[in-house]
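Subject: Structure handover

Hello,

Please find the structure for your files below. My notes follow it.

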Amino acid sequence: LAKQKPHIPIQSLLGTQDFIIKPLVSFIDREALDEKPHRHKWQEIIYLKSGEGSHKIDDQTIILKPKTFYLIGKGQVHDFLAGKNLDGFLIRFVDNFLPPMGLNTQNSLNSTLLGSIISTNELHIPDPEIFHYETILNEIIYEYEKNEQTYAKIEIIQYLLLALLTKLERRVRHVSRDTITNAESKEMKTYHGLLLLIEENYRKHHEISFYVKELGIDSRKLTRVTKKAIGKSPKQILNDRLLVEAKRLLLFTKKSSKEIAYHLGYEDPAYFSRFFKLNTKLSPRKYKIEKSPAD
């Protein structure tokens with residue numbers, strides 16, 4: 001029998017747009033919207049200037065706070081639970097919208113949103129620093145909605161967005177006390193390269209030897225790089241990615257543990273169950289029962 005592909009509803013951008021920015025709706029009622037947890041086909045940034053509410057990113061419930069950015073990467077499961085008196089912006093863009101330059105790697109998206117930023121999912125910016133972020137947001141929405149001059153409109157939006165993401169990345173590093181020197185930038189490029197390789201291959205390749213070979217780096221050196229970046233070994237980072245996907249599929253699909261095991265590249269479902277329980281202290285079945293969201 002052909003294996004069925006685990007399915008979580010996927011939202012797509014309206015029409016053929018690669019980028020949108022719009023004000024947040026002031027009131028959100030999940031039941032009235034009748035919206036279920038879903039994956040995004042795009043990268044999403046929510047900036048909350050003021051208001052209150054909550055949403056879920058994967059299995060984490062996050063209380064909304066003013067002057068905070070919420071970053072939802074492509075593939076993450078998102079569920080907006082509630083919101084009132086919301087004031088802020090929603091930005092969505094596809095992978096290839098950003099210009100092909102930036103910090104640390106040749107692709108700015110890879111070095112920012114898919115790297116150090118998205119691992120936080122939320123980032124509070126205090127006064128008076130937040131003023132500068134809001135200035136960029138206002139410039140983006142001015143170009144997108146109000147400026148009638150069409151010359152280089154898309155390019156201006158692209159580079160304003162790149163500036164915003166770069167400022168967010170700098171803030172993440174400051175918060176984590178990750179002061180990166182020029183000598184360290186090569187290590188960060190290696191770290192982000194590993195993240196991208198894992199994202200593309202985690203279902204097919206569970207052995208770190210594959211990633212070491214692809215990166216062309218000694219395994220001990222790669223371990224030093226990842227330990228310095230986030231305090232984890234390459235194997236722990238790979239296992240974390242597998243666990244994130246396993247949790248998503250357990251919580252947001254009706255697939256069995258066995259089907260999920262095959263989907264994630266495990267030939268032996270029992271081995272997958274042992275791996276999952278070792279890392280979560282719960283069997284896949286028990287995790288699904290205890291953590292599944294209410295309909």
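Residues are numbered from 1 along each chain as its sequence is written, and side-chain values use heavy atoms, with hydrogens and water left out.

Confidence

The mean pLDDT (the predictor's confidence in each residue, from 0 to 100) is 82 for the chain, and 81% of the residues reach 70 or more. A contact here means heavy atoms within 4.5 Å. Where pLDDT is low, the predicted coordinates should not be read in detail.

Whole chain

The chain has 11 helices and nine strands. These are DSSP runs numbered from the N terminus: helices are H or I with at least four residues, strands are E with at least two. Of the 295 residues, 48% are buried. Buried means under 20% relative accessible area, exposed over 50%, and partly exposed in between, with a 1.4 Å probe and protein chains only. Among contacts with a separation of 6 or more, 73% are between residues 24 or more positions apart.

Strands

Strand β7 (residues 68-72) is largely enclosed by the rest of the structure, because five of its five residues are buried. Thr68, Tyr70 and Ile72 are buried on one side of β7, and Phe69 and Leu71 are buried on the other. β7 pairs with strand β5 (residues 43-57) in the antiparallel sense over five bridges, and with strand β9 (residues 122-124), again antiparallel, over three bridges. Two strands are said to pair if DSSP finds at least two bridges between them. Leu71 of β7 is the bridge partner of Ile45, while Phe69 stands opposite Leu123 in β9.

Ser54 belongs to β5 and is buried, with a relative accessible area of 13%. Beyond four places in sequence, Ser54 touches Ile62, Ile63, Leu64, Phe80, Leu81 and Ala82. Its C-alpha atom is 9.8 Å from that of Ile28, which is 26 residues away along the chain.

Helices

In helix α8 (residues 234-252), 14 of the 19 residues are buried. The end C-alpha atoms of α8 are 27 Å apart, which agrees with the 27 Å that its residues should span at 1.5 Å a residue. The expected span is 1.5 Å times one less than the number of residues. Helix α3 (residues 130-146) has 17 residues and reaches 23 Å from first C-alpha to last, close to the expected 24 Å. Buried residues of α3 include Ile130, Tyr133, Ile136, Leu137, Ile140 and Ile141, and also Glu134 and Glu143.

Thr226 is in helix α7 (residues 219-230) and counts as buried, because its relative accessibility is 0%. A polar atom of the Thr226 side chain lies 3.2 Å from the backbone oxygen of Thr223, and the Thr226 side chain reaches the backbone oxygen of Lys232 at 2.8 Å. Leaving aside neighbours within four places in sequence, the contacts of Thr226 include Tyr191, Leu194, Gly231, Pro234 and Ile237.

Regards

Conventions: This is a predicted model: local features need pLDDT of at least 70, side-chain atom pairs count only at pLDDT 80 or more; totals for chains, interfaces and linings use all residues. A polar contact is a pair of N or O atoms within 3.5 Å; within protein, one must be able to donate a hydrogen and the other to accept it, and residues adjacent in sequence count only if both atoms are side-chain atoms.
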